[in-house]
Amino acid sequence: MTPTVFSTNNKFTNKHHLLLQSVVKLHDENSPLLGKTFEERTQVLQYLSFATSDFMTAVSTAIGGILGRVPFNKKAVQEAIHEVDQYTELLEKRLVNYTYLVGERLTVADLFFATCFLSLIHISEPTRLQLIS
């Protein structure tokens, strides 16, 4: 079942980041978890979109092939692992100089990416090295 959320014009979407944002707003319309300023809220949304579209697509492709959830395609899995590594480098470049992805406090972007990285626990280093070589 895919989560859906209805917007003000009664259209629905299956965008997980919009659902997450709506749940936080239900608790507190001005929650700092969504960013303190308009710019920060925009950045949080960008990170959530990046996580759900690019990052998790690569993670799912890699894990699906490795764990046998989809037919194994060595080239596709290797490419997905390479993409995950590239995306992780982008995040690390930000986090070298900053404690959080957006602003000076914890946001939904940090929390969401933390849960995304939990999926990568399934790919152990020996497995990755074996696939790449």
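Is L111 buried, partly exposed or exposed? L111 counts as partly exposed, because its relative accessibility is 41%, which falls between the limits of 20% for buried and 50% for exposed. The model shown here is a predicted one. Its protein chain contains five helices and two strands, and buried residues make up 32% of its 133 residues. The points below go from the whole chain to single residues.

**Overall layout**

- Followed along the sequence, the elements come in the pattern β-β-α-α-α-α-α.
- Among contacts with a separation of 6 or more, 62% are between residues 24 or more positions apart.
- The chain exposes about 8,800 Å², and carbon and sulfur atoms supply 56% of that area.

**Confidence in the prediction**

- The mean pLDDT of the protein chain is 78, and 69% of the residues reach 70 or more.
- Helix α3 has the highest mean pLDDT among the elements, at 94.
- Strand β1, made of residues 5–6, has the lowest mean pLDDT, at 40.
- Over residues 1–14 the pLDDT stays under 50. The model has 17 contacts beyond four places in sequence for this stretch.

**Aromatic rings**

- The whole structure holds six aromatic pairs.
- One of the pairs is formed by F55 and F117, with 5.0 Å from centre to centre. The planes of F55 and F117 are at 50 degrees, and the pair is tilted.
- F55 belongs to helix α2 (residues 38–66) and F117 to helix α4, so their pair ties together parts that are 62 residues apart in sequence.
- F55 counts as buried because its relative accessible area is 0%, whereas F117 is partly exposed because its relative accessibility is 30%.
- F117 also forms a tilted aromatic pair with F113. Here the centres are 6.4 Å apart, with 40 degrees between the planes.
- F113 and F117 both lie in helix α4, where they are four residues apart, or about one turn of the helix.
- F113 has a relative accessibility of 3%, so F113 counts as buried.
- One aromatic cluster is formed by Y47, F50, F55, Y87, F113 and F117.

**Charged side chains**

- Side chains of opposite charge can pair when their charged atoms come close.
- The structure has one salt bridge.
- K75 forms a salt bridge with E79, and their closest N and O atoms are 4.0 Å apart.
- Both K75 and E79 are in helix α3, with four residues, about one turn of the helix, from one to the other.
- K75 is exposed because its relative accessible area is 56%, while E79 is partly exposed because its relative accessibility is 42%.
- R94 has its charged end over the ring of Y98, 3.6 Å from the centre of that ring.

**T107, in a loop**

- T107 is located in the loop between α3 (74–97) and α4 (108–119).
- T107 has a relative accessibility of 1%, so T107 counts as buried.
- Apart from neighbours within four places in sequence, T107 is in contact with P32, L33, G35, V44 and V102.

**L111, in helix α4**

- L111, the residue of the opening question, is found in helix α4.
- Not counting residues up to four places away in sequence, L111 touches L33 and L106.
- L33 and L111 are 78 residues apart in sequence, and their C-alpha atoms are 9.2 Å apart in space.
- L33 is also among the residues in contact with T107.

**D54, in helix α2**

- D54 has its place in helix α2.
- D54 is partly exposed because its relative accessible area is 33%.
- Leaving out residues up to four places away in sequence, D54 touches S49 and Y87. Y87 is also one of the residues in the aromatic cluster.
- D54 and E83 are 29 residues apart in sequence, with 8.7 Å from C-alpha to C-alpha.

Conventions: Residues numbered from 1 in each chain as written. Predicted model: local features only at pLDDT ≥ 70, side-chain atom pairs only at ≥ 80, totals over all residues. Heavy atoms only, no water. Buried < 20%, exposed > 50% of the residue type's maximum accessible area, 1.4 Å probe, protein only. Contact = heavy atoms within 4.5 Å. pLDDT = per-residue confidence, 0-100. Phe/Tyr/Trp six-rings, centres within 6.5 Å; stacked < 30°, edge-to-face > 60°. Lys NZ or Arg CZ within 6 Å of the ring centre and 35° of its normal. Areas by Shrake-Rupley, 256 points an atom, 1.4 Å probe, with all protein chains shown as cover. Salt bridge = Lys/Arg side-chain N within 4 Å of Asp/Glu carboxyl O.
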